[in-house]
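Keep the 3D view open as you read.

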Amino acid sequence: MTRTGIALGSNIGDRGNLLVEARQRILEIKGISRPLLSSRLYETDPVDSEPGSPQFLNAVIEVSSTISPLEL
């Protein structure tokens, strides 16, 4: 098993629900086990984005996986 960190972020639509859905979909991938660690949600200013872009909502999860990070 390999420990893999995955960064999640969104600045469009219902950001919180998009991150929850992304996390659920990642856990449905064959070879991924339950999350080992999960960060809180946090907001960040956009970088290298058009002026006036909305803030990002971000999170990080760490999973245990039988597939390589590159394959993931």
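## Core and contacts

Serine 64 is buried, as its relative accessible area is 10%. Please bear in mind that this is a predicted model. Serine 64 belongs to strand β4. Setting aside residues up to four places away in sequence, Serine 64 touches Met1, Thr2, Gly31, Ile32, Ser33, Arg34 and Leu36.

One of these partners, Met1, deserves a look of its own. Methionine 1 sits in the segment before β1. Is methionine 1 buried or exposed? Methionine 1 counts as exposed because its relative accessible area is 70%, and the cut-off for exposed is over 50%. Beyond its neighbours within four places in sequence, methionine 1 contacts Ser33, Ser64, Ser65 and Thr66. Between the C-alpha atoms of methionine 1 and serine 33 there are 9.3 Å, with the two residues 32 residues apart along the chain.

Here are the two residues together:

| Residue | Relative accessible area | State |
|---|---|---|
| Serine 64 | 10% | buried |
| Methionine 1 | 70% | exposed |

Now to the interior. In soluble globular proteins, nonpolar side chains tend to be buried together. Here, the largest nonpolar core is made of eight residues: Ile6, Leu8, Leu19, Ile26, Ile32, Leu57, Ile61 and Val63. At least two residues of this core come from each of β1 (2–10), α1 (15–27) and β4 (56–65). With three residues, β4 gives the largest share of this core.

Which residues does leucine 57 touch, not counting residues up to four places away in sequence? Leucine 57 touches Leu8, Gly9, Ser10, Arg15, Gly16, Leu19, Leu41, Tyr42 and Glu43.

Notes. Residues are numbered from 1 along each chain as its sequence is written. This is a predicted model: local features need pLDDT of at least 70, side-chain atom pairs count only at pLDDT 80 or more; totals for chains, interfaces and linings use all residues. Side-chain values use heavy atoms; hydrogens and water are left out. A nonpolar core is a set of buried Ala, Val, Leu, Ile, Met, Phe, Trp, Tyr and Cys residues joined through side-chain atoms within 4.5 Å. Buried means under 20% relative accessible area, exposed over 50%, partly exposed in between (1.4 Å probe, protein chains only). Helices (H or I, at least four residues) and strands (E, at least two) are DSSP runs, numbered from the N terminus. Contact means heavy atoms within 4.5 Å.
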